Amino acid sequence: MGLLIWGSLSLITGWATARFGWFGLDANVPSNFTLNYIGIVLALISAIFYIFVKSETRTAQVDSVESTNSTQVLIEPDENQLDFFDRLNPVKKRIIGISLAITSGILYGQCNTPVLYTTQINESKNYLDYMFSYYTGILLGSLGYFVLYSALKKNKPIVYPQIILPGLVSGWMWGVANVCYFLATNALNQAISFPISNCGPPIVANFWGIVLYKEIKGKRNLLILGAGFSVAITASVLIGLST
């Protein structure tokens with residue numbers, strides 16, 4: 001659900017940056033204002049649908065298993081060992097999760113703006129020429145955040161070994177996907193490529209949420225998601241056709 005909200009808001013902010021020429025970019029004025037603004041309104045409406053979807057999260061009930069001869073004893077987790085988020089009730093978790101998804105979506109809508117601006121002030125107009133510095137900045141930023149986190153945890157960071165390899169693989173997949181996005185932007189412009197590229201991830205993420213993680217169940221939730229998907233796809237198409 002968080003990725004659905006994130007995707008909708010990143011679509012809107014990414015489109016608005018290209019449409020109005022924020023942060024020094026050249027504005028992409030649409031040829032059809034009616035289709036353009038209807039598409040944005042529909043994108044906003046689609047985000048409202050996602051908020052009413054109720055997801056189920058599975059929480060761990062035990063902290064560890066202790067073996068004594070042939071008997072296994074389940075040990076309940078110590079309240080003091082739980083992190084801040086695990087101590088919250090479901091309502092507060094939902095509020096914080098939605099708030100972070102909104103913030104992340106708005107910021108992600110601007111993550112490609114430096115590359116777009118650089119192509120305007122330099123001779124090369126090929127976005128791929130700036131990929132090395134783009135990904136180097138991401139790597140250094142991630143490393144800096146981890147160093148800061150380790151310092152705040154007094155050199156005792158909580159690291160989950162099971163997610164290291166999947167995290168690397170997902171990062172590589174995202175890197176390839178982002179190169180494809182910039183190739184599309186080379187041929188089109190951000191006002192077209194950004195909404196289209198943001199339409200797919202929420203659908204794929206929600207598919208895994210239903211099939212694999214079993215987070216979303218029930219006919220009501222599926223109907224709401226179907227309506228939200230339909231509105232989001234329609235919005236992306238209208239925005240693309242208007243430019």
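Predicted model: local features only at pLDDT ≥ 70, side-chain atom pairs only at ≥ 80, totals over all residues.

Biologist: What makes W15 buried?

Modeller: The relative accessibility of W15 is 4%. That is under 20%, so W15 counts as buried.

Biologist: Why is the pair of W15 and F20 called edge-to-face?

Modeller: A pair of aromatic rings is described by the distance of the centres and the angle of the planes. For W15 and F20 the centres are 5.6 Å apart and the planes stand at 80°. The distance is within 6.5 Å and the angle is over 60 degrees, so this pair is edge-to-face.

Biologist: How do you know that Y181 and F182 are also an edge-to-face pair?

Modeller: Their ring centres lie 5.1 Å apart, with 65° between the planes. The distance is within 6.5 Å and the angle over 60 degrees, so the pair is edge-to-face. Y181 is buried at 7% relative accessibility, and F182 is buried at 0%. Y181 and F182 belong to one aromatic cluster, together with Y127, Y134, Y135 and W174. The structure holds eight aromatic pairs.

Biologist: Y134 is in helix 5 as well. What makes the buried residues of helix 5 lie on the same side?

Modeller: The buried residues there are M131, Y134 and S150. They cover an arc of only 145° around the axis, which puts them on the same side of helix 5. The other side has exposed residues: F132, L140, L143, V147, A151 and L152.

Biologist: How do you know that the length of helix 5 is close to the expected one?

Modeller: Helix 5 runs over residues 131-152, which is 22 residues. From first C-alpha to last, helix 5 reaches 32 Å, and 32 Å is expected at 1.5 Å a residue.

Biologist: How many residues in the lining of the largest cavity are charged?

Modeller: None: the lining of the largest cavity divides into 10 nonpolar, five polar and no charged residues.

Biologist: What about the second largest pocket?

Modeller: The second largest pocket holds about 570 Å³ of space. It is lined by 20 residues, and W6, M173, W174, A177 and P201 are the closest to its centre. Helix 6 gives the most to this lining, with nine residues. By class, the lining has 13 nonpolar, seven polar and no charged residues.

Biologist: Finally, how many helices and strands does the protein have?

Modeller: The protein has eight helices and two strands. From the N terminus on, they run α-α-β-β-α-α-α-α-α-α. Of its 243 residues, 31% count as buried.

Note on methods
Residues numbered from 1 in each chain as written. Heavy atoms only, no water. Phe/Tyr/Trp six-rings, centres within 6.5 Å; stacked < 30°, edge-to-face > 60°. Buried < 20%, exposed > 50% of the residue type's maximum accessible area, 1.4 Å probe, protein only. Nonpolar A, V, L, I, M, F, W, Y, C, P; charged D, E, K, R; others polar. 1 Å grid on protein atoms, 1.4 Å probe; cavity = no way out; pocket = protein on both sides within 12 Å on 5 of 7 lines; lining within 4 Å. Points joined across faces, edges and corners; volume = space filled by probe spheres on them. Helix = DSSP H or I, 4+ residues; strand = E, 2+ residues; numbered from the N terminus. Expected span 1.5 Å × (residues − 1). Arc of directions from axis to C-beta.
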